[in-house]
Amino acid sequence: REVFVVDPMLATGGSAVAALDMLKKRGVKNIHFMCIIAAPEGVKRLTEAHPDVDVYIGALDDHLNEHKYIVLYLFVFYVFAFKRFTSFLSVALRLS
């Protein structure tokens, strides 16, 4: 059986590593991790702690800021672009 761990953002990787640790302690073996946006620091921590877990990332941000938060400029851009694209697609489908 496959297990998908889904989180909107992967910043430092602490919560994701803890969640995967817990799943593995319960015997789960085939794990995939998915997130919308990630910082390189979190990806590094996650992949070093769990190299056997497949990681899928929608967008990789530049870095964490001094407070260990994701710099949201890229995230905001993707949300804006996605919203514009879906609005365009919705209109295009109605016209066809």
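Two residues are taken to be in contact when they have heavy atoms within 4.5 Å of each other. By this criterion, among contacts in the protein chain between residues at least 6 apart in sequence, 56% join residues at least 24 apart. The structure is a predicted model, in which local features need pLDDT of at least 70 and side-chain atom pairs count only at pLDDT 80 or more, whereas totals for chains, interfaces and linings use all residues. Residues are numbered from 1 along each chain as its sequence is written, and side-chain values use heavy atoms, with hydrogens and water left out.

The protein chain contains three helices and three strands, where helices (H or I, at least four residues) and strands (E, at least two) are DSSP runs numbered from the N terminus. Along the sequence these elements follow the pattern β-α-β-α-β-α. The strands form an open sheet with the order β1-β2-β3 and parallel pairing, two strands being paired if DSSP finds at least two bridges between them. The edge strands are β1 and β3 (54-60), each of which pairs on one side only, and the twist averages 15° from one strand to the next. Between β1 and β2 the parallel pairing extends over eight bridges, and V3 has I31 in β2 as its bridge partner. Helix α2 packs on the sheet, touching β1, β2 and β3, and its direction makes about 180° with that of β3; axes here are lines fitted to C-alpha atoms, for helices over the stretch in contact, and angles run from 0 to 180 degrees between N-to-C directions.

Of the 96 residues in the protein chain, 25% are buried, a term that means under 20% relative accessible area, while exposed means over 50% and partly exposed lies in between (1.4 Å probe, protein chains only). A nonpolar core is a set of buried Ala, Val, Leu, Ile, Met, Phe, Trp, Tyr and Cys residues joined through side-chain atoms within 4.5 Å. The largest such core has 13 residues, of which V5, L10, L20, I31, F33 and L46 touch the most other members. At least two residues of this core come from each of β1 (2-10), α1 (14-25), β2 (30-38) and α2 (40-49). Another core, of five residues, lies apart from it and includes I37, A59, L64 and I70.

Leaving aside neighbours within four places in sequence, L20 is in contact with V5, I31, L46, H50 and V53. Not counting residues up to four places away in sequence, H50 touches V17, L20, D21 and K24. The side chains of H50 and K24 also make a polar contact at 2.8 Å, that is, a pair of N or O atoms within 3.5 Å, of which, within protein, one must be able to donate a hydrogen and the other to accept it, residues adjacent in sequence counting only if both atoms are side-chain atoms.

Two lysines have a contrasting setting. K68, in the loop between β3 and α3 (73-95), is exposed, with 53% relative accessibility.
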